Amino acid sequence: MNLKSALLGATALSIASAGAATAAELTIATVNNSDMIIMQKLSPVWEEATGHTLNWVVLEENTLRQRVTTDIATNGGSFDIITIGAYEAPIWGARDWLVALDDLTEINPDYDLEDIYEPVRNGLSADGTLFAVPFYAESSFTFYRTDLFEAAGIEAPTEQITYTQFEEMVAQLHDPDNGVFGTCQRGKAGWGENMAFVGPLVNAFGGRWFDMDWQPQIDSEEWRTAINYYVDLVQNYGPPGASSNGHNENRALFADGRCATWVDATSAAGYIFNPNESSVADRTDFFQAPYQETKNGTGWFWAWALGVPASSTNADAAKDFLAWATSKEYIELVGEREGWVAAPPGTRKSTYANEAYLSAAPFAETVENSILAADPANPTRDPVPYTGIQFVAIPEFQGIGNYVGQQIAAALAGQQTVDQALENSQRFAVREMTKAGYIQ
Amino acid sequence: MARAVPNSRKAINTAVAGTLGFIIFFPILWILILSFKTEGDAIKAPLQVLFSTGWTTESFGAVQERSDYFKHFTNSVVLALGSTILGLLVAVPAAWAMAFVPAKHTKNVLMWMLSTKMLPPVGVLVPIYLIFRDVGLLDTRTGLVIVLMLMNLPIIVWMLYTYFREIPGEILEAARMDGASLREEVIYVLTPMAIPGIASTVLLNIILAWNEAFWTLNLTASNAAPLTAFIASYSSPEGLFYAKLSAASVMAIAPILIMGWFSQKQLVRGLTFGAVK
C-alpha cells in the first residue's frame with residue numbers, strides 16, 4: 001500500500017468515525033453505467049473503513065425511476081441511498097421526499113461543497129437547499145472525426161457554429177457507399193432519448209415548451225422549423241432506421257467509425273477516447289453543440305446524483321457514504337485505481353485543476369466549458385416559467401416529454417408528417433397541463 | 001387410413017418448419033454468441049460479430065464478480081416452486097369443486113377469475129405496495145410467493161378444471177361407494193388420473209413464475225430479488241454492456257431452458273390432454 005492509499009483509507013476512516021456508532025446495512029439503488037460500476041467496485045474501501053455494508057440494487061434507468069418513485073412516494077423505506085437525476089432532485093426535494101444535505105461538511109470536514117460547480121449544485125437544490133450530491137455531470141457537445149474532416153477539406157470549428165453550417169458540413173461528409181453517415185442523432189422515442197437532443201435543438205431555434213402562462217408552445221413556428229430541420233437532417237444524412245437509435249446505438253456506430261458527427265453526452269467522451277472500446281479513439285475531437293437563433297440552452301445539462309430518501313432509517317450512515325462517494329478523495333481513488341480517464345467528470349473544480357486528469361482526458365477542457373455554459377435557469381431565447389434545458393422541471397414533464405418523443409419518432413420514421421406530430425403533441429400537452437391545473 | 005404425403009411435400013414442410021424454428025430460436029442463439037464476445041466485438045455489425053476471432057468467457061466472470069448469481073438463482077427457484085405448490089394447494093380443491101360439483105354460477109366465477117388477468121398489474125401496484133409495506137412483506141420471498149401465486153391462480157384453476165372435466169365422474173362415484181372419503185377421493189383417485197394435466201400445469205406455472213418481471217422488480221430490493229432483477233441490472237440506456245447483458249441472460253434462462261427441454265414431452269402431452277376424444 002502506498003502513502004496515497006494509506007491516506008485515503010485514513011480519510012475514509014475519519015469520515016466514518018463520526019456517524020458509525022453501529023454498523024448499518026444500507027440498500028443503494030443505482031443505474032447501470034461505467035461510473036456507477038466503478039463506485040460499486042470501490043465501495044468495499046468505505047465498507048471496510050466504516051463497518052457498514054451496502055446491498056446494491058442496479059437497474060436500468062427507466063426501471064429504476066419507476067421503482068424508486070413508487071417507493072419514495074409511498075414512504076416504502078426500501079432504499080437508504082438512491083441515484084437520481086437533475087430532473088428528480090429539485091422536484092422530490094421540494095416535496096420533502098429527500099433528506100437535506102447541506103450538513104455534509106459536518107460529516108466530512110474535508111468535503112468542500114464549494115468545490116462542486118455552482119450550476120451543478122443549483123441543479124440539485126430546491127429553494128436553496130441541497131437535496132442530492134453529484135456523482136458525475138454532463139453537457140452535450142459535437143463529436144467529429146478529424147480524419148474525415150481533413151479528407152473533405154473542412155476546417156474544424158473553433159467557435160460555436162449554426163445548425164445551418166452544421167448541415168452543410170454533414171452533407172459534405174455523408175458517404176453511405178463507404179459506410180460513413182454524415183451524422184448520427186438520437187431518434188428513439190423517450191424524454192431521456194430523442195428529446196434530449198430535440199429539446200436543446202428547439203431551444204437553439206428559439207422555441208420553448210411553455211410560455212410564461214404555462215401555455216404549451218409545441219405548435220409554434222419555432223418548433224415547426226426545428227423539427228423539420230431535425231427530420232430532414234437525420235433522414236438525409238443519418239443511418240437507416242435512425243428512429244430506433246438511442247444513445248447506445250449511436251455510440252456503437254460512432255465507435256465503429258460509421259458516423260462523421262454526433263451531438264451527444266460529454267460523458268461518452270471517455271468511452272470514445274478509449275482505444276480498447278473505440279476504433280476511432282485517435283481520430284475524434286469535439287466542438288460545441290451548434291446554435292441557430294440563440295445560444296441559450298443549446299447544450300444540455302444532466303447530473304447523476306446520490307440522495308437519501310426521507311423514509312430511510314439509516315440516514316446518518318447513508319449521508320456518510322455520500323460524503324465519501326462524491327468527495328475529492330474518492331475521485332483521487334478512482335484516478336489511482338482505475339486510471340484518470342475514468343474519473344467522474346463534470347462535478348468538481350479540483351478535478352479540472354488536476355494535471356493528471358487533464359493529461360489523461362484531452363476532452364476535459366471542452367467538457368468543463370460545455371457544463372459551465374449550460375444554464376438551466378436561462379434555457380431559452382424568450383422567458384419561461386421553468387428551469388431545465390432538455391427537460392422541464394415539473395412532474396408532468398415525463399408524460400408530456402415521452403408523448404412528444406413518440407410523435408417526433410413517428411415523424412422521423414415517416415409514419416406521419418411533422419405538422420401532424422406537432423399538432424398531436426400540442427393537444428396532448430394542453431390536456432395534461434389543464435388536468436394538472438397549470439392552465440384553465 | 002392415413003393419406004400418403006409425397007416426399008417433395010414432406011421436404012418443403014420440413015424446410016418451412018425448420019426455418020420457422022430457427023427464426024424463433026435465433027434471438028437466443030444470438031444472445032449465446034454475444035455472451036462469448038468482448039464488449040468491443042459485441043457492438044460490431046452482425047457479420048463482423050460472427051467472424052471475429054475473440055471468443056471469451058470474460059463476461060460470465062465479470063457478471064459473477066459483480067452480482068451474486070447464486071443468490072438470485074436461489075430466489076428464483078424458491079419463488080417458482082413456492083408459488084406453484086401454494087397455487088396447487090388452492091387450485092386443486094377449487095377445480096375439483098367446479099368440475100364435479102358445479103353450482104349455478106360456476107361458469108361466471110371461472111370467467112371472473114380469468115378476467116382478473118386482463119387488469120394491467122400497474123393498476124394495482126400502489127395498493128399492493130402499501131399493503132406489503134404495512135405488513136412488512138416488501139423485499140421478502142414470502143410476499144412474492146403469495147403475489148406470484150395469486151397472479152397465476154386463474155390459469156392454474158382453469159387448466160385443472162379443464163383436465164378434471166375429462167375424468168368421468170362415475171369413477172369418483174365408484175370410489176365413494178367403496179367408502180373413500182373426500183380427501184382420499186381427491187388424493188388417491190382424482191390426482192393420479194390427472195397427473196399429466198397437473199404436471200403440465202406445474203411446468204407452465206413454474207415457467208410463468210420464473211419469467212415474471214413486473215412484480216419481482218417492483219416488490220424487491222436486494223434480499224428477495226430473483227434472476228429477472230439480475231438481468232435488469234445489466235440493461236442500460238447509457239453505456240454498452242451487450243456482452244455482459246447477454247451473459248447474464250444466458251445464466252438466467254439456462255436453468256428454465258434445460259428444464260423445458262427435458263420436460264417438453266410432458267408439457268405437450270398435458271397441454272393437448274383431452275384435445276382428441
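Axes in this tour are lines fitted to C-alpha atoms, for helices over the stretch in contact, and the angles between them run from 0 to 180 degrees between N-to-C directions.

**First stop: α2 and α14 of chain A**

Select residues 34-50 of chain A, which form helix α2, together with residues 328-338 of chain A, which form helix α14; the two pack at an angle of about 105°, and their axes are 11 Å apart. Since angles of 65 to 115 degrees count as roughly perpendicular, α2(A) and α14(A) are therefore described as roughly perpendicular to each other. Showing side chains here brings up Ile38(A), Leu42(A) and Val45(A) on the α2(A) side, which meet Leu333(A), Val334(A), Arg337(A) and Glu338(A) on the α14(A) side. In this contact of α2(A) with α14(A), five residues are nonpolar and two are charged, with no polar residue taking part.

**Second stop: the two domains of chain A**

Colour chain A by its domain assignment, which gives domain 1 as 3-131 + 301-360 and domain 2 as 141-298 + 387-435. The C-alpha centres of these two domains of chain A lie 30 Å apart, and the contact between them takes eight residues from domain 1 of chain A and nine residues from domain 2 of chain A. On the side of domain 1 of chain A that touches domain 2 of chain A, seven residues are nonpolar and one is charged, and no polar residue is found.

Next select residues 397-412 of chain A, helix α17, and residues 418-435 of chain A, helix α18, whose axes are 8 Å apart and which pack at an angle of about 170°. That angle makes α17(A) roughly antiparallel to α18(A). The α17(A) side of the contact includes Ile400(A), Tyr403(A), Val404(A) and Ile408(A), while the residues on the α18(A) side include Val418(A), Ala421(A), Phe428(A) and Glu432(A). By class, the contact of α17(A) with α18(A) has 10 nonpolar residues, four polar and one charged.

For another arrangement, select helix α8 of chain A, residues 163-173, along with α10(A); this pair packs at an angle of about 10°, with axes 11 Å apart. Here α8(A) is roughly parallel to α10(A). From α8(A), the residues Tyr163(A), Glu167(A), Val170(A) and Ala171(A) meet Tyr229(A), Leu233(A) and Tyr237(A) from α10(A). Six residues of this contact of α8(A) with α10(A) are nonpolar and one is charged, with no polar residue among them.

Go to the loop between α5 (104-107) and α6 (118-123) of chain A, where Asp112(A) is found. The phi of Asp112(A) is near 60°, a positive value in a residue other than glycine. With 15 C-beta neighbours inside 10 Å, Asp112(A) counts as partly exposed.

Then move to the loop between α9 (194-204) and α10 of chain A to find Trp214(A). Its phi is near 65°, again a positive value in a residue other than glycine. Is Trp214(A) buried or exposed? Because Trp214(A) has 20 C-beta neighbours inside 10 Å, Trp214(A) counts as buried.

Display both chains and select the contact between them, in which 32 residues of chain A are in contact with 26 residues of chain B. On the chain A side, the elements that give two or more residues are β1 (25-31), α2, β2 (53-59), α3 (61-73) and α11 (247-255). This side of chain A has nine nonpolar, 16 polar and seven charged residues.

Along its principal axes the C-alpha trace of chain B spans about 70 × 65 × 30 Å, and 34% of its 277 residues count as buried. The domain assignment of chain B gives domain 1 as 7-59 and domain 2 as 67-233, and 35 Å separate the centres of these two domains, taken over C-alpha atoms. Of the contacts in chain B between residues at least 6 apart in sequence, 77% join residues at least 24 apart.

**Last stop: confidence in chain A**

Finally, colour chain A by pLDDT, which has a mean of 91 there, with 95% of residues reaching 70 or more. Within chain A, confidence is lowest in helix α1 (residues 3-19), at a mean of 48, and highest in helix α10 (residues 221-237), at 98. Over residues 13-20 of chain A pLDDT stays under 50, although the model has 19 contacts beyond four places in sequence for them. Where pLDDT is low, the predicted coordinates should not be read in detail.

Key
Residues numbered from 1 in each chain as written. Chains lettered and ligands numbered in written order. Predicted model: local features only at pLDDT ≥ 70, side-chain atom pairs only at ≥ 80, totals over all residues. Helix = DSSP H or I, 4+ residues; strand = E, 2+ residues; numbered from the N terminus. Parallel < 35°, antiparallel > 145°, perpendicular 65-115°, else oblique. Contact = placed C-beta atoms within 7 Å. Nonpolar A, V, L, I, M, F, W, Y, C, P; charged D, E, K, R; others polar. Domains from an automatic or database assignment. Buried ≥ 20, exposed ≤ 12 C-beta atoms within 10 Å, placed from the backbone. pLDDT = per-residue confidence, 0-100.
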